[in-house]
Amino acid sequence: MRITRIYLYRLPAHPNQSTPLWQCLLPSAIFFFIILTGCLPITRLLQPPTTAPSSPTSAEAPLDAPMPTERPDYLQPAAPIPPTAAHSEPEPVKDPAPEPEPSIDDLQALCDQAIDLCQISQTYWQNGDVDSALQVLDQAYAALLKTTGKNSEAISQQKEDLRFMISKRIMEIYASRNLGANGTHTPIPRVMNAFVKAEIKRFTGPKRSFFAQSLKRSGQFRPYILKELKAAGLPEELAWLPLIESGFKTTALSKARALGIWQFIPSTGYKYGLKRDLLVDERLDPEKATRAAIAYLKELHQIFGDWFTALAAYNCGENRVLRIIRSQNINYLDGFWDLYSRLPRETAQYVPKFIATLHIVSDLGAYGFSEIQPDTPWSFDNVTVNRQVHLNGIASALHTDLRTLKNLNPELRYDILPDAEYRLRVPTGTKATLEQVIAAIPTSRPPQKSFRYHRVRSGEALSTIARKYRVSAASLARANNITRRNLIVAGQLLKIPGRTAAHTAHPIPPRQNPKTHTVRKGDSLWQLAKQYHTTVRRIQELNSLRSSALRVGQKLRIPSADIDAHTRYTVRQGDSPYSIAKAHNIPLKRLLRLNNLSKSSTIYPGQELHIK
């Protein structure tokens, strides 16, 4: 409200003898009489004088100034009222017609207009025009104020979200103004409080080994992360976030089933373009996951306006943080430290851990980590492969170890390339070699789930059945839709889950002329197979024998060991890897290696195994 002066006539400081006292008091008496009788509106008195005071040196008349000779307008006699107007009855005042309430479509149009103005403001801000950005935000808020009347639940929610976003954006713009003026403001301030000090003490104490190993692994991925953050215009400090998330482990798996160095759960990963199928899980790929994480962090920062709250939302989800903010029922905006006590415990510790990491990496020597040497950055060549092969075959062709290829391609769940065009990472300098030999590498098939069946007997429990078939009780219950593990009854048929090994189609060498053996007394197919380093099945196939019966003098063709460098054996009921290896006179380790099996693998009747 504008404050104005009320100009009153005042008595002279020294009234002379020629001026009677009643003349000095008369104007003031008339003035207060008019106010008391209500003849002069008080708003008229609050208006400043239209003409400047006559004194050239003072805005107010001096105390000894003479009384004005002319009467002010408000002291002039009122004009006479016309006779017709004096006796005519006043016309009734008509109520203005009520304005129609806006429709839902009109309200939605206003919300859309506010959103468009926010986008325009963002463009102005990015171009450095801060004043225009703030002006457009004012227009957006003005459009939001027009959404009055009965609003639907969806419109009310949109209004609340827009109000929150506009307020946060204004705070962010003013913070950027401070950045430009002072030059000392950082997007992610390194605050120091009791929570941060506790995390620093933990990283330099009980968690020192974890921090040191994570710091060492960071050298592989941070150069790429820094490059992507710089291209996206995000703070470089975010490159240390994977240390808190996963310790820079590509295969890190959390209790919430989050995977990779950026710890994406399946739904969030799918939202930001990370594919997941039987053979490939792109959450495990550091490069693809980094691009997805940057897009997610950018969106969270646009929602919340400050990085601490955005990081809290990255940890526990933006919807949860928004619910906590809305539950405040207040008109001012909370920062992260105001929400600290209401956040989940893991999230409340998450941001102080990140700030503690920034403090430590900014001065490694002061915290005792100066001796840590980061790993060398990733170095590899990209090869486009259109063949479904196993990494083991590629490693053999490139004369490298399987672990190196698995580390370069962590997104391959079973070390098998998909049956489509795939960009494979190989050690630097081996691209040309792989392009030459890729056609000769045998193809592989992904493992397929298979089931056996077990009839429950009296006295059996789910745990004892699981131990018998070397599976977990949880997977057994899940395969049979058992919600309570003790609810099995005698006679019930259970499915026993299992997974066959990945099958590799090895090329069979060209056949040579087989040897001939004349059956003598006491010979048997098992003895002949052992003698000639082959298998009973192969002798039967080569001689079209339907049984194992032999007669003296019978001539048999015996395949040599060179002929069947790679043979197949079909698993029968009661077979085990040990019995098969013993029957074919090969070491158990070789049998397992040829078929990509381990000692805990389960084989099933009808499964084909390669015998060398």
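**Exercise 1. Where is Gln263 placed, and does it count as buried or exposed?**

Step 1: Find Gln263 in this predicted model; its place is in the loop between α9 and α10.
Step 2: Turn to accessibility. The relative accessibility of Gln263 is 13%, and buried means under 20%, so Gln263 counts as buried.
Step 3: Look at the backbone. Phi of Gln263 is near 55°, a positive value in a residue other than glycine. Most residues other than glycine have a negative phi.

**Exercise 2. Why does Arg257 count as exposed?**

Step 1: Arg257 lies in the loop between α9 (241-245) and α10 (266-271).
Step 2: Its relative accessibility is 54% and the cut-off for exposed is over 50%, so Arg257 counts as exposed.
Step 3: Arg257 also has a positive phi, near 65°, and is a residue other than glycine.

**Exercise 3. Describe how helices α8 and α11 pack.**

Step 1: Recall that two packed helices are described by the angle between their axes and the distance between the axes.
Step 2: For α8 (residues 208-232) and α11 (residues 286-304), the angle is about 35° and the axes are 10 Å apart.
Step 3: The crossing of α8 past α11 is right-handed.
Step 4: Now list who takes part. On the α8 side the contact includes Phe221, Tyr224 and Ile225, and on the α11 side it includes Thr290, Arg291 and Ile294.

**Exercise 4. Where in α8 does a kink lie?**

Step 1: Follow α8 to Gln220, where there is a kink of about 55°, shortly before the proline Pro223.
Step 2: Carry on just past α8 to Gly233, which takes a positive phi of about 75°.

**Exercise 5. Which side chains of strand β8 are buried?**

Step 1: In β8 (residues 555-558) the side chains alternate between two faces.
Step 2: Check the partner strand: β7 (residues 515-518) runs antiparallel to β8, and four bridges join them. Thr516 stands opposite Arg557.

**Exercise 6. Which residues does Ile394 contact, leaving aside its neighbours within four places in sequence?**

Step 1: Go to helix α16 (residues 391-398), the place of Ile394.
Step 2: With 0% relative accessibility, Ile394 counts as buried.
Step 3: The contacts are Val389, Leu405, Leu417, Leu424, Leu434 and Ile441.

Conventions. Residues numbered from 1 in each chain as written. Predicted model: local features only at pLDDT ≥ 70, side-chain atom pairs only at ≥ 80, totals over all residues. Heavy atoms only, no water. Axes fitted to C-alpha atoms, helices over the stretch in contact; angles between N-to-C directions. Left-handed = near helix turned anticlockwise from the far one by under 90°. Contact = heavy atoms within 4.5 Å. Buried < 20%, exposed > 50% of the residue type's maximum accessible area, 1.4 Å probe, protein only. Pairing = 2+ DSSP bridges. Bend = angle between axes of the 7 residues up to and from the residue.
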